Amino acid sequence: MKRIECTIDFVSPYAYLAFEELPRALQGLSYEVRYQPVLFAALLNAHGQRGPAEIAPKRDWIYRHALWQAEVLGIPLQMPAAHPFNPLALLRLAWACARQGSPNRYVCETVFRHVWRAEGAPADDAGRLAQLTAQLAPARDPASAEVKLALKQATDAAQAAGVFGVPTFAVDGRQFWGLDALPMLRAHLEGDARVDAVWQRAASVAQGVRRPIRAASDASGPVG
């Protein structure tokens, strides 16, 4: 049985769609998933990037595309009242619910749907967060130093592994990024030789021109 490390942040519509689509995309295969909620903004900072939703034209496209993808896949999706929002409270709540190493699928599903199936309600509303917390009944205090450390360690581990975006699916030392990577992930799990071939061909491309990297301080803030 293959073990897949699934890196997510609840602020990302693509992470939500991939999370919902994953069981169908890998139907019939033998695998287990370990969900790793991380702070996407910290990954962006580490790579000197601005968030997709911080670039106005790209933001518009992402929302249109995410809504379209949801229609095509038959996955309910309603944009929250405002986006991006600060996902820290939701990330910490998920880790506070972790009883066996990392948050389980039910916990992640409940938090994702709090954001993306709320008919336009604010994702970071204090009253809604209190209701969500009561529903999930976390084993630990989401505001505790222990929970904050768990989130930081997961984010640091993702950064050290070279994760640059969410969702990312890691298996057998390879990373598959994004909703549209699910067919390639399935092909890898099935042992499709074409995946090995493209991995090798891509690795042979020499580094070309490098642009100056923006200071990390220019890419701060929670983004999706």
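This is a predicted model: local features need pLDDT of at least 70, side-chain atom pairs count only at pLDDT 80 or more; totals for chains, interfaces and linings use all residues.
Start with the strands. Select residues 2-8, which form strand β1, and residues 168-171, which form strand β3. These two strands pair in the antiparallel sense, over 3 bridges. To see how they line up, pick T7: T168 in β3 stands opposite.

Strands β3 and β4 run antiparallel and are joined by 4 bridges. Here A170 has Q175 in β4 as the residue opposite. The two strands make a hairpin with 2 residues between them. Select D172 in the turn, where phi is positive, at about 55 degrees.

How are the two rings of F176 and W199 placed? Their centres lie 5.3 Å apart and their planes meet at 55 degrees, so the pair counts as tilted. F176 is buried, at 1% relative accessible area, while W199 is partly exposed, at 30%. Now show R174: this residue lies over the face of W199, 4.7 Å from the ring centre.

Across the whole structure there are 7 aromatic pairs. For a cluster of rings, select F10, Y16, F19, Y35, F112 and W116, which are linked by ring pairs.

How values were computed: Residues are numbered from 1 along each chain as its sequence is written. Side-chain values use heavy atoms; hydrogens and water are left out. Rings of Phe, Tyr and Trp (its six-membered ring) pair if their centres lie within 6.5 Å; planes under 30 degrees apart count as stacked, over 60 as edge-to-face and the rest as tilted. Buried means under 20% relative accessible area, exposed over 50%, partly exposed in between (1.4 Å probe, protein chains only). A charge sits over a ring if NZ of Lys or CZ of Arg is within 6 Å of the ring centre and within 35 degrees of the ring normal. Two strands pair if DSSP finds at least two bridges between them.
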